Amino acid sequence: MDFRKVIDLLSGFFEQEKFPFAVIGAFGLQAYGLTRATTDLDFVTDSAARGRLVAFLESKGYQTLYVSGGYSNHLHRDAELGQVDFVYVSGETSRRLFEGATRAQVVSGHELPVPRPEHLAAMKVQAMKNDPERRHQELADIGYLIRLRPASIAVRFGATSSRAASRNCTMRSNRPGKLLNLESDLPTTEKDVEAQRRLRAGPVLGLEDYLRFLAAFEPPSYEALRAKRGPCGDSPFELPP
């Protein structure tokens, strides 16, 4: 995937249409120093953009794999344009998320909005609920984000309010009454833990090195991506009060 080309395309759309947006997913994590492989690009935008954005992508040759009130996935037969995924937010969540976003160099020549670490962590909780098979990777990412701001993140499943936590940030598991200590009790496999340890022990990759890192991976075929990608879930993402 030509990440620069796709970022050019989408940032140009958002800026021309005046819709707020931010980079999430692997490139959002990279902005905070966590290197993770990816074959796609992920964005969050206001739900008002959904209709025009989907039409724009389809006019550029993207196939819409899935669309709901809160999410959409799109795939292009041209490997350079690849796969793009979107989260749609509205109301108070939209206001808080985009007002709190900071600008960061995502690729050379592009300083784009990225949500705050605690907002990225909350989005990963929702992603994990929508796709439980991703829980190991999502929990590892959440643990990293929490360590960036341990005093301001408390992420919970099914919570209706957010509580600041100092060192022992917690997340409620799907078993009632069970709390996971994300500093020490991440239920990741030994392989996951070792991979995260190696990444954190090394220097943070610069933008060009990160793109070279991604280019070293063999991208999945169009057919494989189309067969694998399923719905992201129907419950729109909302930040806790």
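Predicted model: local features only at pLDDT ≥ 70, side-chain atom pairs only at ≥ 80, totals over all residues.
## Helix 8 and what covers it

Helix 1 (3-17), helix 2 (25-30) and strand 6 (102-107) are among the elements that cover the buried residues of helix 8. Buried here is under 20% relative accessible area, exposed is over 50%, and partly exposed is in between, with a 1.4 Å probe and protein chains only. Helices (H or I, at least four residues) and strands (E, at least two) are DSSP runs, numbered from the N terminus.

Residues are numbered from 1 along each chain as its sequence is written, and side-chain values use heavy atoms, with hydrogens and water left out.

Which residues of helix 8 (residues 207-215) are buried? They are Tyr-210, Leu-211 and Leu-214. These residues lie on the same side of helix 8 because they cover an arc of only 100° around the axis, where the arc is that of the directions from the helix axis to the C-beta atoms. Turned away from that buried side is a face with the exposed residues Arg-212 and Ala-215.

## The chain as a whole

The protein chain has nine helices and nine strands. It runs to 241 residues, of which 46% count as buried. Taking contact as heavy atoms within 4.5 Å, and looking at contacts with a separation of 6 or more, 64% are between residues 24 or more positions apart.

Helix 4 (residues 91-100) has Thr-93, Ser-94, Leu-97, Phe-98 and Gly-100 as its buried residues. Their arc around the axis is only 165°, so they sit on the same side of helix 4. Gly-91 and Glu-99 are exposed on the other side.

What do the buried residues of helix 4 pack against? The partners are strand 1, strand 2 (40-46), strand 5 (83-89), strand 6 and helix 5.

## Helix 1 meets helix 3

The axes of helix 1 and helix 3 (residues 50-59) come within 12 Å, crossing at roughly 140°. Axes are lines fitted to C-alpha atoms, for helices over the stretch in contact, with angles from 0 to 180 degrees between N-to-C directions. Helix 1 and helix 3 are therefore oblique to each other; under 35 degrees would be roughly parallel, over 145 roughly antiparallel and 65 to 115 roughly perpendicular, with the rest oblique. The crossing of this pair is right-handed: a crossing gets that label if the near helix is turned clockwise from the far one by less than a right angle, and is left-handed if anticlockwise.

On the helix 1 side, Leu-9, Leu-10, Phe-13, Phe-14 and Glu-17 make the contact; on the helix 3 side, Arg-52, Leu-53, Phe-56 and Leu-57 do. Sorted by class, that contact holds seven nonpolar residues, two charged ones and no polar ones. Nonpolar covers Ala, Val, Leu, Ile, Met, Phe, Trp, Tyr, Cys and Pro, charged covers Asp, Glu, Lys and Arg, and the others, Gly among them, are polar.

Phe-56, in helix 3, counts as buried at 18% relative accessibility. Leaving out residues up to four places away in sequence, Phe-56 touches Leu-9, Leu-10 and Phe-13. Phe-56 and Leu-10 are 46 residues apart in sequence, with 9.5 Å between their C-alpha atoms.

Ser-11 belongs to helix 1 and is buried, with a relative accessible area of 3%. In the loop between helix 1 and strand 1 (21-24) you'll find Lys-18, which counts as exposed at 70% relative accessibility. Its phi is near 65°, a positive value in a residue other than glycine. Most residues other than glycine have a negative phi.

## Helix 5 alongside helix 6

How do helix 5 (residues 117-130) and helix 6 (residues 135-148) cross? Their axes come within 9 Å and cross at roughly 165°, so helix 5 and helix 6 are roughly antiparallel to each other. The crossing is left-handed.

Pro-117, Leu-120, Ala-121, Lys-124, Val-125, Ala-127 and Met-128 of helix 5 meet Arg-135, Glu-138, Leu-139, Asp-141, Ile-142, Leu-145 and Leu-148 of helix 6. By class, that's 10 nonpolar and four charged residues, with no polar ones. Also in helix 5 is Asn-130, partly exposed with a relative accessible area of 28%. Its C-alpha atom is separated by 8.5 Å from that of Ser-235, 105 residues apart along the chain.
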